[in-house]
Amino acid sequence: MVDVLIQNGRVIDPANKIDEVCDVWIADGKVAGVGKFSGDATQTIDAKDLIVCPGLIDMHVHLREPGEEWKEDIESGSRAAIAGGVTSICTMPNTEPCIDHAGIVLQVIARAKEIGLCNLHPIAAVSRNLKGKELTEMRELSRSGAVAFSDDGKPIWHAGVMRKALEYSSSFDYLIIQHAEEKQLTEGGAINEGWVSTQLGVLGMPVEGEDSMIARDIMLTRRVQARYHVAHISTKGAVEQVRLAQQEGLKVTTEAAPHHFALTEDEVLNFNADAKMSPPLRTEEDRLAVIEGLRDGTIEVIATDHAPHHEDDKRCGLSCAAFGIVGLETMLPISLDLERAGVLSMSDLIAKMTCNPAQLLNLPEGSLAEGRAADICIFDPKAEWVLNREKLFSKGRNTPWHGRTMTGQVLYTLKDGRVVFEKGEVHD
Amino acid sequence: MLKPLFGLKHIFGIADLNREQITSLVNLGDDFIDINTRSVKKEPTLRGRTVINLFFENSTRTRTSFEIAGKRLSADVINISASTSATKKGETLLDTGQTLAAMQPHVLVIRHSVAGTCEFLSEFLDNTALINAGDGSHEHPTQILTDLLTLKHNIGDVAGKTMTIVGDIAHSRVARSHMLAAKIMGYKVRIVAPKTLLPAFVENYDCEIFHDFDEALQGTDILYMLRVQTERLTTNCCFPSIREYHETYGLNMKRLKAAGDHCMVMHPGPMNRGVEIATDVADSMKSLILEQVEHGVAVRMAALTALCGGATEE
Ligand SMILES: [Zn+2]
Ligand SMILES: [Zn+2]
C-alpha cells in the first residue's frame, strides 16, 4: 500500500536519465519508486498524456517579505510557485531588511516551512546591507541555510570588493551570483538602448553595461579560480563571453529568464511598463543568442527573476515605473516554446529547471530518485489557456503576457507527497 | 459626445498622424491666423468647452499659447501647474489625471517630463481628449504643426526642402517629431551634433548626420536651432563648455551667409542668445522665430477645435 500513485504519465527525470511512460509511487512523502507499479494506493492520479517531472526549481525569485509584504509575501509567493509547478525557490536578499545575517535566513526559511507549500532557499547578500563595501558573514549565513550569495538588484560594482568576494567565497566553494550592470553606463536608463529607446525618447541601457561588467568579473574569476554565476543573462556579448570562459575551463555559469528568450524590446514600443525589467528586453539578435546559449548548454539554468511590484509602482509612465515582472506562473509554458521550436528536448528543457540548478546550488531537490522528497510537477504540455493577470496567485500583476494564450498547463503539484496544487486550486 | 474632426481622438505625436491630418490641422491653423490680428480677437467656436492645461514642467510659452488659443475661441481654460516632485509622493500622476478628468473637461493639454505620459493616461481616462504639449524627449506635435504653418507662409510647399536641425538631438522631442514629420511630408532632415548629443540608431530616421556644422550648411533651406540646456550640457559630459558649443554649433552671421540667401532660421524657443544663436541672427530678416510664436497660437486653436469643436453627437 502506497500513499500516492501517479499512473501512466510520461515520466521525465533528467537527473536519472529517465524519459518513459510509467508510474511514480510515493510513500511517507518520499519517492518510493519509478517504473511499473502493481499494488494499492490511497490516492491515484491518472497522468495519461501528461508529463511527470521533479518539481521545478526557480533559483532567481524576489519575494518581498520581510518589509514589503504588500507586493508579495512568502505565502503568496509560495502559492504562485506551486501554481507554476515550482516546488523550490531561491530568494534574493534585497528585502527590507535585506538578508545579510543569519537571523533573517533562519526567519524566512521557518516562515516558508510553516506555510508548507514550497521549499525556500535564501540567497544571502554578498555585502552588508547590499552596500557593496564590506562582506557578509558568509560562513555563518551558509551554515544557516543560504545557498549562494548575491547583491542582486544591484551589481557588486566595485572591482576590488568583487575580487575579495570571489576570493573569500571560493575559499569555501560558495557561488557568487552577479547582477551584471555597469551603472556608470546605465544610470537613468529604463529600457534597452537602441532604436526603440530613440523612438520613445526614453533613456536606454546599452548592452555594454552588462557585457563590460561580465568581462571584468570573468578576469577576476580566472585569477581567483572562483565560482561565478551571471544572473539573468540578456545580451549576445554576454553569452559569448560566458561560452568562452567555460571553454577555458573557468567555473562560470549563467541563467536565462523566460522573458529574455521569449520577448524583445518591441514589447515596450507602446510604453508598456509591464515589460520593463533589468536587464531590459533586448533586440532579436540578443534573444536568438540567448536561445543558442540554451541550446548549446552555455546557459544551464532557466530562472524567472520573479519580481512582483505594486500597481502604483508600475502605473506612473515607463521611465518612472519599477523594474521587474512576475514570472513563477508563466515559467513553464513560456519555456515549453523552446521544446516546441526544437531548440531543446523535453528532458534537456526540464533539466534546466530541475537538476541543473540543484547541482549548481547543491540542493537535494530536482530528482525522482528513490528516497528523495516527493516534490513533483505534473503538466499537460499541450493544454492552452489564456493568462489573466487578475487570476495570478502572486500579488504582482506586472506581467507582459496578460491576455496571451499559454500552451502548457500545470495540473498537479506535489510537495513532500502531498497534492498542494490541483487544477487551478491550492490545497493549503 | 463631441464628434472630433479629421478622425482625431487625441494628439499624442506626429507618429500617430497621417499626411491628411497634418495638412488639415495646418490649414485650419492658417484660417485662424486672421483672428489673432484683428482688434476683437474672439470667436464663439469653443463656447461651452472646457480646456485644462496640466503642466508638470515649467513652460510659460507653450502654456500661454494654449491658453490664448482656447480663450480666443471662447473656451473656458484652466491652468494647473503641478510639480513633478509633488506628484511623486502622495498623489500620483494617474490620480491627478483621473481627478481632473472626473471634472469632465473636453480637453486635457499635458506637458510632462516623462515620455509617453499621454499614452499612459489615455488608458485610464475615457471621455477626455488629450493633447501632448511635450513629453520628455519623445514628441512635441503642436510645435511641429506650428513650424509647418510658418514654413507654408515662407517657403510654400516643404516637400523636397532640406531642414538642418542643430543641437541636442538626443534629448530633443522637437527633433524627433520633425524627423517623423519629414518622412510624412517629404522634406529632408540633416542633423548636426557631436555623438554625445545623438541618440542610438538615429540614422534609422533617414536623416543625414553631420558632426561639422559648416559642412551641413550648403544646400540647407531651413536652419533649425535647438535650445541648449546649458545646465545639462556640461554636467553630463555631453560637451566641454558653452564657449566651445557656440564656436562649434552656434549659428552666427558667417554661417548664415554661407548657407545662402534663401535660407531661413527657426528656433522652438526660448532662445539662449549667444549660445546656439547669435543675437544678430535671431533678429535678422531671415529669422522666423517670432512668426513661429504667432503661428503657435493659431495651430493650437486648430488642435483644440479638432478635438472639441465639432458638432455634438447624440
Ligand atoms: Zn538582477
Ligand atoms: Zn533579480
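The structure is a predicted model in which local features need pLDDT of at least 70 and side-chain atom pairs count only at pLDDT 80 or more, whereas totals for chains, interfaces and linings use all residues. Residues are numbered from 1 along each chain as its sequence is written, chains are lettered from A and ligands numbered from 1 in the order in which they are written, and side-chain values use heavy atoms, with hydrogens and water left out.

In chain A, the zinc ion (ligand 1) is coordinated at 2.0 to 2.1 Å by D152(A) through OD, by H179(A) through ND1 and by H232(A) through NE2, donors being N, O and S atoms within 2.8 Å of the metal (3.2 Å for Na, K and Ca), with water not among the atoms, so that sites may look incomplete. Along the chain, the donors of this zinc ion (ligand 1) follow the spacing D-x26-H-x52-H. D152(A) lies in the loop between β9 (148–150) and α4 (159–171) of chain A, and H232(A) in the loop between β13 (227–230) and α8 (236–248) of chain A, so the pair ties together parts that are 80 residues apart in sequence. Helices (H or I, at least four residues) and strands (E, at least two) are DSSP runs, numbered from the N terminus. D152(A) also coordinates the zinc ion (ligand 2), which is 3.3 Å from the zinc ion (ligand 1). D152(A) is buried at 2% relative accessibility, and H232(A) is buried with a relative accessible area of 2%; buried means under 20% relative accessible area, exposed over 50%, and partly exposed in between (1.4 Å probe, protein chains only).

Chain A contains an open sheet of eight strands with parallel pairing, in the order β6-β7-β8-β9-β10-β13-β14-β15, where two strands pair if DSSP finds at least two bridges between them. The edge strands of this sheet, each pairing on one side only, are β6 (56–61) and β15 (301–302) of chain A. Within the sheet, β10 (residues 175–178) of chain A pairs with β13(A) in the parallel sense over four bridges, and R227(A) in β13(A) is the bridge partner of L175(A). Helix α8(A) packs on the sheet, where α8(A) touches β13 and β14 (251–256) of chain A, and the direction of α8(A) makes about 145° with that of β14(A). Contact means heavy atoms within 4.5 Å, while axes are lines fitted to C-alpha atoms, for helices over the stretch in contact, and angles run from 0 to 180 degrees between N-to-C directions.

Further pairing in chain A involves β5 (residues 51–54), which runs parallel to β1 (residues 2–13) and is joined to β1 by two bridges, and which pairs with β16 (residues 376–386) in the antiparallel sense over four bridges. V52(A) is the bridge partner of V11(A), and I378(A) in β16(A) is the bridge partner of V52(A).

In chain B, helix α13 (residues 289–308) packs with α6 (residues 141–155) at an angle of about 120°, with their axes 8 Å apart; that makes α6(B) oblique to α13(B), since angles under 35 degrees count as roughly parallel, over 145 as roughly antiparallel, 65 to 115 as roughly perpendicular and the rest as oblique. The axes of α1 (residues 19–37) of chain B and α13(B) come within 7 Å and cross at roughly 120°, and α1(B) and α13(B) are therefore oblique to each other. Among the residues in the contact between these two helices are L28(B) and F32(B) of α1(B) and T305(B) of α13(B). T305(B) is buried at 5% relative accessibility and, leaving aside its neighbours within four places in sequence, is in contact with L5(B), L28(B), F32(B), T45(B), L46(B), L73(B) and G310(B).

Cis peptide bonds join S278(A) to P279(A), with omega about -5°, and G269(B) to P270(B), with omega about -15°. P279(A) is placed in the loop between α9 (258–262) and α10 (284–296) of chain A, and P270(B) in the loop between β9 (264–266) and α12 (279–282) of chain B. N129(A), although not a glycine, has a positive phi of about 55° and is partly exposed, with a relative accessible area of 43%. D305(A), also a residue other than glycine, has a positive phi near 55° but is buried, with a relative accessible area of 8%.
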